[in-house]
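Please read the points below alongside the coordinates.

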Amino acid sequence: MLVLVTYDVATTTPEGRRRLRRVARVCLNYGQRVQLSVFECSVGDTELMRLRHDLLEEMNPSEDSVRLYFLGENPSPRVEHHGQNPSIDFEEPLIV
């Protein structure tokens with residue numbers, strides 16, 4: 001399933017800036033960055049549980065916000081993109 005992860009981490013302190021980097025690193029482990037604080041993650045049920053757990057471990061719930069939007073198995077009718085950095089289709093072969 002495709003999950004859109006968005007976050008807002010308070011960066012007024014050095015600890016907050018470290019949390020921001022750690023939250024971004026967690027998201028990079030599961031998907032691709034599509035905006036500065038927005039990631040598209042293609043995950044199964046087990047990976048989703050790990051992603052959620054890892055994000056909750058890194059964030060400070062009294063200062064930060066993390067949102068998960070579930071786009072489902074076939075997100076193409078719900079996602080429209082214009083401009084730079086088009087999304088990677090996780091279902092197609094990836095040639096590096």
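1. The model under review is predicted. Strand E1 (residues 2-8) and strand E4 (residues 65-72) pair in the antiparallel sense, with seven bridges between them.

2. How many of the seven residues of strand E1 are buried? The count is five of the seven, so E1 is largely enclosed by the rest of the structure.

3. On the cysteines, a search of the whole structure finds zero disulfides. Cys27 is in no disulfide, and the nearest cysteine sulfur, that of Cys41, lies 5.6 Å away. A disulfide is a covalent bond between the sulfur atoms of two cysteines. The cut-off applied to the sulfur atoms is 2.5 Å, and the 5.6 Å between the sulfur of Cys41 and that of Cys27 is therefore too far for a bond.

4. Are Cys27 and Cys41 buried or exposed? Cys27 has a relative accessibility of 0% and therefore counts as buried. Cys41 is likewise buried, its relative accessible area being 0%. The threshold for this assignment is under 20% relative accessible area.

Definitions and conventions:
Residues numbered from 1 in each chain as written. Predicted model: local features only at pLDDT ≥ 70, side-chain atom pairs only at ≥ 80, totals over all residues. Heavy atoms only, no water. Buried < 20%, exposed > 50% of the residue type's maximum accessible area, 1.4 Å probe, protein only. Helix = DSSP H or I, 4+ residues; strand = E, 2+ residues; numbered from the N terminus. Pairing = 2+ DSSP bridges.
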